[in-house]
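Thanks for making time for this at the group meeting.

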Amino acid sequence: LMSLPSQQLDRVAIAFSGVCAVHCVLVTLAAAAIPIWGLAWATAPAFHEWFLMLVIPLSLVGLWAGYRAHHRRFAATIGGLALSMLISAVILRENAIIGVVGESVITLSGAALLASAHLLNFRSSRGQRRHAHG
C-alpha cells in the first residue's frame with residue numbers, strides 16, 4: 001500500500017466512497033426486498049465494520065502521503081472529520097442511539113466528505129507535481 005503514489009491511493013479511496021454511497025442508497029431503498037434476494041449480508045451491521053477496515057487504512061495512508069507531498073493540512077483535516085463520522089455512525093447504530101436512517105445519513109455524509117478530502121488531496125498533489133516539473 002505504501003508503494004502506491006498518493007494520487008493512486010486517492011483515486012481508490014474516492015472509488016470506495018462512491019461504493020459506500022451506492023451501498024447506503026440501495027440498502028435504504030431496497031430494505032424490504034433484500035431478504036427475498038438473499039442479500040441479507042449487505043444489511044448486516046458487520047458489513048459497515050468490514051468496509052471500515054478497508055477504508056480507514058487506505059484513507060489514512062493516502063491522506064498522509066498527500067500531506068507529505070504538498071504539506072497542506074486541509075485535506076487531511078477534512079478526511080479525519082469524515083473518518084470520524086463513518087466510525088461514529090457504526091458506533092451510534094450498534095448502541096441503538098440512532099436507527100438505520102440516521103446511520104445512512106451520517107454514513108453518506110461522511111463518505112461524501114471523505115471523497116471530497118481525497119479529491120482535494122489528489123488535486124493538491126497533482127498541482128505540487130506540476131510545479132516541481134514546471
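H71 counts as exposed, because its relative accessibility is 56% and the cut-offs call a residue buried under 20% relative accessible area, exposed over 50% and partly exposed in between, with a 1.4 Å probe and protein chains only. This is a predicted model, in which local features need a pLDDT of at least 70 and side-chain atom pairs count only at pLDDT 80 or more, while totals for chains, interfaces and linings use all residues. Residues are numbered from 1 along each chain as its sequence is written, and side-chain values use heavy atoms, with hydrogens and water left out.

H71 sits in the loop between helix 3 (45–70) and helix 4 (73–94), where helices (H or I, at least four residues) and strands (E, at least two) are DSSP runs numbered from the N terminus. H71 is not a glycine, and yet its phi is positive, at about 60°. As background, most residues other than glycine have a negative phi. A96 is another non-glycine residue with a positive phi, in this case about 55°, and its place is the loop between helix 4 and helix 5 (100–133). A96 also counts as exposed, because its relative accessibility is 64%.

Let me step back to the whole chain. The protein has five helices and zero strands, so that, read from the N terminus, its elements run α-α-α-α-α. Of its 134 residues, 36% count as buried. The accessible surface comes to about 7,900 Å², and 70% of that belongs to carbon and sulfur atoms, the areas coming from the Shrake-Rupley method with a 1.4 Å probe, where for residues only the protein chains shown count as cover. If we take contacts (heavy atoms within 4.5 Å) between residues at least 6 apart in sequence, 79% of them join residues at least 24 apart.

What makes up the largest nonpolar core? The term stands for a set of buried Ala, Val, Leu, Ile, Met, Phe, Trp, Tyr and Cys residues joined through side-chain atoms within 4.5 Å, and the largest one here has 11 residues, namely F51, L52, V55, L63, I78, A82, L83, L86, V90, L114 and A117. Helix 3, helix 4 and helix 5 each supply at least two residues of this core, with the largest share, five residues, coming from helix 4. In soluble globular proteins, nonpolar side chains tend to be buried together.

How many salt bridges are counted? With a salt bridge taken as a side-chain nitrogen of Lys or Arg within 4 Å of a carboxyl oxygen of Asp or Glu, the count comes to one. E103 pairs with R93, and the closest N and O atoms are 3.6 Å apart; E103 belongs to helix 5 and R93 to helix 4, 10 residues apart. E103 is buried, because its relative accessible area is 9%, whereas R93, at 32% relative accessibility, counts as partly exposed.

Two buried polar residues deserve a look as well. S59, in helix 3, is buried because its relative accessible area is 2%. Its side chain makes a polar contact with the side chain of H118 at 3.1 Å, a polar contact being a pair of N or O atoms within 3.5 Å, where within protein one must be able to donate a hydrogen and the other to accept it, and residues adjacent in sequence count only if both atoms are side-chain atoms. Not counting residues up to four places away in sequence, S59 touches A13, L83, L114 and H118. N121, in helix 5, is buried with a relative accessible area of 1%, and its side chain reaches the backbone oxygen of G62 at 3.0 Å.

Finally, a word on confidence. The average pLDDT, the predictor's confidence in each residue from 0 to 100, is 77 for the protein, and 70% of the residues score at least 70. Confidence is lowest in helix 2 (residues 34–37), at a mean of 55, and highest in helix 4, at 91. Where pLDDT is low, the predicted coordinates should not be read in detail.
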